[in-house]
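Here is a short briefing on one model. Keep the sequence and the coordinates open while reading.

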Amino acid sequence: MTGKRGGVILGHVLANLCGKINRKKPLPNDGVQPPETLNRCLTTLDITLLGIGHMVGAGIYVLTGTVAKEIAGPGIILSFMLAGLVSMLAAICYAEFGTRIPKAGAAYAYTYIAVGEFWAFIIGWNICLEHMLGAASVARAWSGYVDSLLDGWIKNTTIALMGKGEFYDSDLLAQYPDILACVICLVYAVTMALGVKVTATFNGLLTLVNIGVMSLVICVGFWYADTKNWFQSDGGFLPFGFGGVIAGAATCFYAFVGFDSIATSAEEAKNPASSVPIATLVSLSAVAAGYILVSAALTLMIPTDEINPSASLPEAFGQLGLPWAKFIITIGALCGMTTTLLGSLFALPRCMYAMACDGLLFSCFGKINSFTQVPVLNLISGGIFSALLALIFDLKHLVEFMSIGTLLAYTIVAASVIILRYRPMKPESLIYAPDSSESENMDFEADSLSESSTDTISQTCDLIGGAAAGRLKPKYKWLQPLVGNVDGDRVVTAAVVLFCLFSFGICIQIKVSWTESQMQSSYWTFMFNGFILFLAFACVALISAYNQNTQGLTFKVPLVPILPAISIFSNIALMVHLSFVTWLRFFIWVSLGMLMYFGYGIHHSKQDPENTIYSILRTPTNVKQNVVSAAEQPTTNTNSIWQRFIGRKKLEMEEQVQP
C-alpha cells in the first residue's frame, strides 16, 4: 500500500515537473514586462551597421589565417560559402521571428513561445555564454594585433613578470594571462553604459572604416594574386581534403554569429517589422561576400604554409613589400574587432534582461537605468565575466566553445519557426501587443466613430487562418486514421523532434563511416543511412500535410518546412564536426545552467501561476488590495483587444452590466 502511494506521489511530482518545464509564454506577453522599457531609437541603417560590425572583426582578421593554414588551405573559400549558406538559412528564421516578436532576447524569446521554458532557458543560458566568449575572443585577438605591432613586447613582458608556470602550460588555459584583453573588455563595457544611441553611432563610424579597409584588401590582394599558390602548392587547392572544408566551415561559422544581435536589438528599433529582415539579409549577404573575397585574396597572395595565423593580412602585405598597406590593415583590424566586441557586449545584457524579466534569472538583472535606458548592471556583470575569460583562455579554445552553443541556438530557432507556423492561434494571440507609439495609434482608431469594413474582413481572415492552422489539408485526409486523434500542433512538434534526432544520427553515421563507405562501399552502411534519410524525409512530408498560419507576418520564411529543415540538418552537421573536448565543456556549462534553473528559475518563473495575481488567495489581507489594483491593468488591455473584435457597442453593454 505504501509502495503504491509512493508511486502515485512520484507520478504527481513528475507530472507537475513536466508541466512546468514545458510551459510556454503566450505570444503577446507585455503583461509581465517591467515598467521600465528599452529605448526605441535605432534606424534600419543603425541595425544594419550593428550586424555588419558584429560579424566583421576577429573572424576576417584572425580566423581567416588560422583556418587557411591549419584546417582547410585555399579551400577556406568553400568553407566560408558553406558557413554563409547555413547562416543565411538561420538568418531568415531569425528575421521572421524578429518581425513576429520584436523583443529583446532573440532566440531565447522565440524558443520560450514555441517550444517551452526548459529549452528556452538552455538557449538563453548558452546565448549568454556565446556573447561572453565572443567578447573575450575578440579582446584576445585585439590584444594580439597590438602585440604584433610591438613585436611581442606585451607577451614577453607579461611572461617575464608573472612567469609561464605549469598552470599556463596546460591545453585548457592560455600560455600567459592577457591583461590588455581583460582591460579592453572592462573599458568598453563601461563606455556602452552611456546609452544605445551613442553605442550605435560609434559602431557605425568604425564599421564604415572597416568596410573601406576590406575593400582595399580585396583590390590590392587580387592585383598581386598568383594562381600558383592555389594549385601548385603542397596538396593543391584542398590540402586537407573535403573533410577539411567541412571542419573549416564549422569553425568559420563563428564569423557569422553576429547577425543574431540584429534580432536582439528589435525591441530598440523604431520599426522592427521592416528593419529586422532588411538589416539581417543585407548585413549577412555583404559580410559573406566580404569573407569569401578576402580569403581568396589572402590565399592567392602567398602560399598557405607562409600565413601567420595571429596577423595574417598585415604579414601577407608585409611579405609583398607594402608596409603602408600593413599599417592601414592594422587600423582596420582594430576597428573591426572593436565593433565585434561592441556587438557581443551589446547583445549579452539584453539577453540577461529578457531572462530576468521572465523570472528565470535574478530580478536585479531586469532593471533598466532610468537615465540611459540600458541594463547597466547586466552590462557591467557581462563585461567582468568576459574580461576574466579573456584573461585566462586562449583564442582557439574560446572560438571552438562558442560555435557549439550558437549552432544549438540556430537549430532550435529553425525548429521553432516550423512549430509556430502550424500552431492554431487564439484570437487574442493574433494581434501582437504593440509598443507605446503603436498603442496610441490603435487607441485613436478605437476611439474613432467608425471603422472600415476592410479592417473587419481582415480581422475575420486572421481568425479563420489562425483556426485552420494545424489541420490536415483536404488532399491529405487519407492520413486521418493515422493522426486524426492527435492535435495537429502536437504531431508537428513530434515530427520536428524526430527529424532532429534522425538528422543527428545520419550526421554521426556519415562522419564515422565516411572512410569505410568510400573505401569498401559497404552495402549495409548505405542501406542504413538511406533508411534514416527516408524517416527524416517522412517527418518533413508529414509536417507539410498540415495547414499553416501566416496571418499578420510581414516577413515569412519561404518553403516552410523545407528550408528550416535544411537549416536544422546543416547546423547539426557542423556540430558533429566539433571536437570532443568542446562537447565536454558544453555539457559542463549546461550542467551549471541546470543548477541555476532548477534551483531558482523554475520557482520564480512569471509563467508559474503561483507567481501571478492568482496567488492573492494566499496573500495577507494588507497586501491584497495592492495586488487587486495591479490586476486591473490586464483587464483594460483585454478590453482593448476585444474592442477590435466585437465593436464599441457590445463593449459598452458589458461595462454597464458590471457592478
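A residue counts as exposed when its relative accessible area is over 50%, and as buried when that area is under 20%. Leucine 559 has a relative accessible area of 59%, so leucine 559 is exposed. The model is predicted.

**Loop between helix 22 and helix 23**

- Leucine 559 sits in the loop that runs between helix 22 and helix 23.
- Its phi is near 55 degrees, which is a positive value in a residue other than glycine.
- Valine 560 and proline 561 are joined by a cis peptide bond, with omega about 10 degrees.
- Proline 561 belongs to the loop between helix 22 (523-544) and helix 23 (562-575).

**Salt bridges**

- Side chains of opposite charge can pair when their charged atoms come close.
- The whole structure contains 4 salt bridges.
- One of them pairs the side chains of lysine 25 and aspartate 358, at 3.1 Å from N to O.
- This pair links distant parts of the chain, 333 residues apart. Lysine 25 is in the loop between helix 1 (2-21) and helix 2, and aspartate 358 is in the loop between helix 15 (323-357) and helix 16.
- Lysine 25 and aspartate 358 are both buried.
- Arginine 421 and glutamate 96 also form a salt bridge through their side chains, with an N to O distance of 2.9 Å.
- Arginine 421 is buried, as is glutamate 96.
- A further salt bridge joins the side chains of arginine 140 and aspartate 178, at 3.7 Å from N to O.
- Arginine 140 lies in helix 6 (residues 117-149), while aspartate 178 lies in the loop between helix 7 (153-162) and helix 8. The two are 38 residues apart, and the pair links distant parts of the chain.
- Arginine 140 has 8% relative accessibility, under the 20% cut-off, so arginine 140 counts as buried.
- Aspartate 178 has 1% relative accessibility and therefore counts as buried too.

**Helix 4 against helix 13**

- Two packed helices are described by the angle between their axes and the distance between the axes.
- The axes of helix 4 (residues 76-100) and helix 13 (residues 272-301) come within 9 Å. They cross at roughly 175 degrees.
- An angle over 145 degrees counts as roughly antiparallel, so helix 4 is roughly antiparallel to helix 13.
- The contact between helix 4 and helix 13 involves 17 nonpolar residues, 7 polar residues and no charged residues.

- Leucine 49 is part of helix 2 (residues 44-55).
- With a relative accessible area of 11%, leucine 49 is buried.
- Leucine 49 and serine 283 are 234 residues apart in sequence. In space they are 7.4 Å apart, C-alpha to C-alpha.

**Nonpolar surface patch**

- Leu186, Val190, Ile380, Ile384, Phe385 and Leu388 make up a nonpolar patch on the surface. Together they have about 510 Å² of accessible area.
- Helix 8 (179-192) and helix 16 (376-392) are the elements that give two or more residues to the patch.
- Helix 16 provides the largest share, 4 residues.
- Valine 190 is in helix 8. Its relative accessible area is 52%, over the 50% cut-off, so valine 190 is exposed.

Note on methods:
Residues numbered from 1 in each chain as written. Predicted model: local features only at pLDDT ≥ 70, side-chain atom pairs only at ≥ 80, totals over all residues. Heavy atoms only, no water. Patch = residues over 30% accessible without salt bridge, like charges linked within 9 Å, V, L, I, M, F, W, Y side chains within 5 Å. Areas by Shrake-Rupley, 256 points an atom, 1.4 Å probe, with all protein chains shown as cover. Buried < 20%, exposed > 50% of the residue type's maximum accessible area, 1.4 Å probe, protein only. Axes fitted to C-alpha atoms, helices over the stretch in contact; angles between N-to-C directions. Parallel < 35°, antiparallel > 145°, perpendicular 65-115°, else oblique. Nonpolar A, V, L, I, M, F, W, Y, C, P; charged D, E, K, R; others polar.
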